[in-house]
Amino acid sequence: MKTVLVTGASGFIGRNLIARLTQEQDINILEFTRGNTLEELSELVQKSDFIYHLAAVMRPQSESDFDINATLTEHITTSIKNAGRPIPLLLTSSIQAELDNAYGKSKIEAEKIANNFNRATHNPTYIYRLTNVFGKWAKPNYSSVVATFCYNIAHGLDISIHNPNTTLNLVYIDDVIDEFMKVLQGEPLLEHDGLYYIPRVFTLTLGELAEKIYEIKKMIDTDTASPAQSDDLFDKFLYTTFMSYATT
């Protein structure tokens, strides 16, 4: 039996990951959420054989709250050291780590902490700098434009598009979880710059995304052909995502 700790367990990626982990018969799942204390986190780390560190502050009331993204990572790496044994750590970062904003700076700092920890201890460490992830259970009007568009269009609400030509790189949540499970099994993919990645990326413009979702809504309303039967994987994934919001 392998004990796996998931921080950010109640978040979008965390919920999807736990749903997959519960399908495995030889995995015991530990969860860390905002309701837990740092002392409890230390205790959970001590019990763990693998850690998915997904927890992150994204839209705080104050920019200083972004510091939690680094301090929580520091706390986890220190707790692993105190455990006196290697505990593989998977950290989710963001493409915003490449940008000059408070959130991006906090994520690059978390990456540095994890990388320094790996170099100093040789503890297995996997950093995924994720692009825009979409799929069921993402919170609308929060961090996912796909979730926002799907929810609003499904419920007859307006959407806002500042620049329809803006290019989006999207990854589907099931592809993310598939890759995370491979890491648990010791089979991750490594990119040339030392970061780990999700191999399948869908690229389209913001305007094209809106058009596709409006078309899905029209197909449903008129009871015509469903994108679920499409040969296009993105259309299938987008339809599944849309339906998860249409029924809520």
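This is a predicted model: local features need pLDDT of at least 70, side-chain atom pairs count only at pLDDT 80 or more; totals for chains, interfaces and linings use all residues.

Residues are numbered from 1 along each chain as its sequence is written, and side-chain values use heavy atoms, without hydrogens and water.

**Ser93**
- Ser93 belongs to strand E4 (residues 89-94), strands being DSSP runs of at least two residues, numbered from the N terminus.
- With 5% relative accessibility, Ser93 counts as buried, a term for under 20% relative accessible area with a 1.4 Å probe and protein chains only.
- Beyond its neighbours within four places in sequence, the contacts of Ser93 (heavy atoms within 4.5 Å) include Glu111, Tyr128 and Leu130.

**Aromatic pairs**
- The count is 10 aromatic pairs, where ring centres of Phe, Tyr or Trp (its six-membered ring) lie within 6.5 Å, and planes under 30 degrees apart are stacked, over 60 edge-to-face and the rest tilted.
- Tyr126 and Tyr196 pair edge-to-face, at 5.2 Å centre to centre and 70 degrees between the planes, and both residues are buried.
- Tyr128 and Tyr196 form a tilted pair, at 5.7 Å and 35 degrees; because Tyr128 lies in strand E5 and Tyr196 in the loop between H6 and E8, this pair ties together parts 68 residues apart in sequence.
- One aromatic cluster is formed by Phe50, Tyr52, Tyr126, Tyr128, Phe180 and Tyr196.

**Charges over rings**
- The charged end of Lys136 sits over the Trp137 ring, 4.9 Å from its centre, the criterion being NZ of Lys or CZ of Arg within 6 Å of the ring centre and within 35 degrees of the ring normal.
- Lys139 likewise has its charged end over the ring of Tyr142, 4.8 Å from the centre.

Methods. Helices (H or I, at least four residues) and strands (E, at least two) are DSSP runs, numbered from the N terminus. Buried means under 20% relative accessible area, exposed over 50%, partly exposed in between (1.4 Å probe, protein chains only).
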